[in-house]
Number of protein chains: 2
Amino acid sequence: MKFNKVLKNLSTYEAGKPIELVVREYGINPKEVVKLASNENPYGTSPKVVTKIKSLVKNMYLYPDDSMFELKEALASKFELNSKNVIIGSGSDQILEFAIHAKCKKGSKVLMAKTTFAMYEIYAKQVDAQIVKTKSSQHNLKEFSKLYKKHGADIIFLCIPNNPLGECLDKDEVYEFLKTIDKNTLVVVDGAYQEYASFKDEKKKICPKELINTFPNAIYLGTFSKAYALGGMRVGYGFAQEEIISTFYKIRAPFNITTLSLAAAIEALKDEEFVQACIEKNFIEMKKYEEYCQNRGFEFIPSYTNFITILLKNFISKEVSQKLLEKGMIIRDLTGYGLNAIRVTIGTEEQNIKLFTLLDEVLEELK
Amino acid sequence: MKFNKVLKNLSTYEAGKPIELVVREYGINPKEVVKLASNENPYGTSPKVVTKIKSLVKNMYLYPDDSMFELKEALASKFELNSKNVIIGSGSDQILEFAIHAKCKKGSKVLMAKTTFAMYEIYAKQVDAQIVKTKSSQHNLKEFSKLYKKHGADIIFLCIPNNPLGECLDKDEVYEFLKTIDKNTLVVVDGAYQEYASFKDEKKKICPKELINTFPNAIYLGTFSKAYALGGMRVGYGFAQEEIISTFYKIRAPFNITTLSLAAAIEALKDEEFVQACIEKNFIEMKKYEEYCQNRGFEFIPSYTNFITILLKNFISKEVSQKLLEKGMIIRDLTGYGLNAIRVTIGTEEQNIKLFTLLDEVLEELK
């Protein structure tokens with residue numbers, strides 16, 4: 001059967017390996033497997049949210065409120081916006097897809113950092129858009145500017161802080177850059193890890209309201225998958241001027257969020273205390289990773305997120321990751337991103353101790 | 001901001017009004033609101049599934065197994081297929097979207113019945129495909145054949161049984177039709193309500209394995225939203241030859257099914273007894289609707305689903321629906337489909353009695 005030609009060149013996203021797979025393939029007891037590969041909140045979902053959702057499980061047979069009235073109101077209220085400025089996606093990923101399908105077609109140009117969230121490129125290729133990337137792995141706005149002057153762009157993706165590297169642009173430099181961008185270029189500010197970055201350093205904090213009011217061509221994306229500890233429920237959100245939101249709504253399929261996911265997100269917004277406590281613990285544990293790296297002589301990228309990227313020199317990241325996997329420790333190898341590096345989610349104290357122990361074992365074995 | 005031109009002509013799906021909306025807009029006690037508008041299973045989710053999911057709510061922070069290994073194995077096993085023949089969508093809707101994006105672009109042709117599931121047309125318009133429809137509202141394969149000979153088609157959509165009308169083609173006539181279709185035309189057999197149809201009449205039963213082995217250009221779609229009582233969880237599936245499935249996988253975004261949805265679908269497949277009991281009750285209650293219509297002199301379409309379409313003559317369906325809504329009874333007005341008709345989900349005994357009472361009241365008021 002013939003399919004659209006563009007499909008031939010498509011690649012698919014390589015998800016972090018699930019615990020179930022390691023159990024199946026290596027016969028490891030599920031309780032022994034530790035996953036530090038997908039930047040989930042290692043402290044689990046807020047107990048308040050868990051209790052609430054348990055009481056709603058019986059509603060699984062009912063379609064969700066497709067207007068998402070309550071969640072949109074809650075987000076609008078928290079960020080001092082109007083619900084007309086809000087769109088909800090099945091993860092913020094889905095809003096990336098809306099952006100590409102709204103702005104791009106064959107030959108459109110999409111500008112991004114060399115090493116950034118893989119879905120920007122995957123979605124762009126689905127519509128045969130042309131990908132323009134900086135030479136630097138990390139976000140370098142001078143390079144972005146040069147490339148923008150040379151090629152223009154229908155969409156610019158800024159991942160602030162950046163996944164999978166962890167570095168983070170300052171708000172001020174982002175604003176200076178945005179001033180130079182044509183109003184017809186959509187700028188996607190992906191703030192999936194903003195809660196972490198703004199906790200660590202106020203200079204990194206991007207206020208969605210100020211952003212979209214200053215730059216009506218910008219859209220801010222946030223997610224419930226990371227700090228809000230709902231990675232399995234697939235809820236993300238976008239804030240933008242109504243013109244952009246209403247256009248994206250035309251592309252959204254009905255019922256893109258499950259009944260329980262909507263309720264979980266609404267409830268999670270009510271427990272900010274839990275979120276802040278998790279973030280605080282994240283950076284206490286992050287210090288241990290930095291110390292570990294310094295002690296072992298590994299270079300790492302100072303991180304504004306809940307993961308850390310460690311650059312390997314005398315070891316091959318693919319081998320290190322595989323050896324760890326066989327011991328029941330799942331991390332992310334960055335070979336696919338062109339780096340000899342591993343990305344490790346900052347886990348709980350216990351998980352991190354296990355990672356350090358197993359990594360030492362593996363490095364000894366590979367020496 | 002400029003967006004892709006194709007978006008200008010897009011319409012969006014009008015979802016059945018949620019209970020929350022009726023509560024908000026008409027100030028009705030949520031316990032008094034009855035929703036017979038979205039063809040949910042009125043008996044609720046299987047208690048076994050509810051119990052299982054309650055025990056898994058704590059896993060909301062974990063991303064789903066993106067390989068969907070266990071659910072694909074369970075479906076493959078039930079339908080005697082290989083898991084390579086299975087794709088899982090966020091509702092079977094999403095697989096419609098994959099089909100359109102895999103096969104169609106500007107000017108592609110998509111053939112369907114005049115009155116059928118709205119998403120076929122909505123997705124087709126997103127890629128600027130040309131819609132070809134029969135003159136008859138209900139599926140008429142002679143008309144399909146004539147139109148196919150005249151225009152050809154990249155995709156043919158057959159909704160068996162048909163939503164929102166409820167009629168159902170016989171398996172034999174579908175097979176006769178499929179024999180005349182070119183192997184490069186994808187035929188989507190949407191079996192969202194097949195469990196109901198095949199219970200009522202063996203002649204309507206389509207076996208996915210036989211279908212895709214006889215017609216490698218066909219894809220069979222099923223859903224957990226109706227008989228399996230998981231409308232809120234957004235899980236549907238497609239069965240086809242590996243060539244089709246692997247192509248659709250290129251379009252699928254990662255993590256399109258939530259962690260709890262995957263688990264719920266797996267569990268629901270284990271409780272077929274519950275599903276069959278619901279279907280049996282559905283047709284006992286359906287008889288009461290048929291009797292009601294006969295007593296009131298209303299024409300209805302004999303239905304092979306869990307809803308019934310009632311054609312109105314001396315009343316305007318939009319007014320009837322609105323009056324019912326104000327009394328806390330949500331049904332579907334089919335004015336948007338060009339029909340002066342209402343579609344009512346077959347509810348529980350209690351819900352149906354309420355519908356009959358309120359409908360009598362409304363008809364009296366509108367006389």
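**Exercise 1.** In this predicted model, determine how many salt bridges the rule finds across the interface of chain A and chain B, and examine the pair Arg24(B) and Asp65(A).

*Solution.* The rule finds two salt bridges across this interface.

**Exercise 2.** Describe the extent and composition of the contact between chain A and chain B.

*Solution.* Begin with the residues: chain A contributes 73 and chain B contributes 73. Next, take the area buried between the two chains, about 6200 Å², of which 62% comes from carbon and sulfur atoms. Met1(A), Met60(A) and Tyr63(A) supply 14% of the area that chain A buries against chain B, more than any other three residues. Then count polar contacts: 32 residue pairs are found across the interface, both residues at pLDDT 80 or more. Among the elements giving two or more residues to the side of chain A are α1 (19-26) and α11 (259-269); the largest share, seven residues, comes from α10(A). By class, this side has 35 nonpolar, 19 polar and 19 charged residues.

**Exercise 3.** Characterise the boundary between domain 1 and domain 2 of chain A.

*Solution.* Contact involves 29 residues of domain 1 and 35 residues of domain 2, with about 2800 Å² buried, 66% of it from carbon and sulfur atoms. Finally, consider the pairings: there are zero salt bridges and twelve residue pairs in polar contact, both at pLDDT 80 or more. On the domain 1 side, α12(A) gives the most, with eight residues.

Technical notes: Residues are numbered from 1 along each chain as its sequence is written. Chains are lettered from A and ligands numbered from 1 in the order in which they are written. This is a predicted model: local features need pLDDT of at least 70, side-chain atom pairs count only at pLDDT 80 or more; totals for chains, interfaces and linings use all residues. Side-chain values use heavy atoms; hydrogens and water are left out. Contact means heavy atoms within 4.5 Å. Buried area is the accessible area (1.4 Å probe) that two parts lose on being put together, summed over both. A salt bridge is a side-chain nitrogen of Lys or Arg within 4 Å of a carboxyl oxygen of Asp or Glu. A polar contact is a pair of N or O atoms within 3.5 Å; within protein, one must be able to donate a hydrogen and the other to accept it, and residues adjacent in sequence count only if both atoms are side-chain atoms. Helices (H or I, at least four residues) and strands (E, at least two) are DSSP runs, numbered from the N terminus. Ala, Val, Leu, Ile, Met, Phe, Trp, Tyr, Cys and Pro count as nonpolar, Asp, Glu, Lys and Arg as charged, and the others, Gly among them, as polar.
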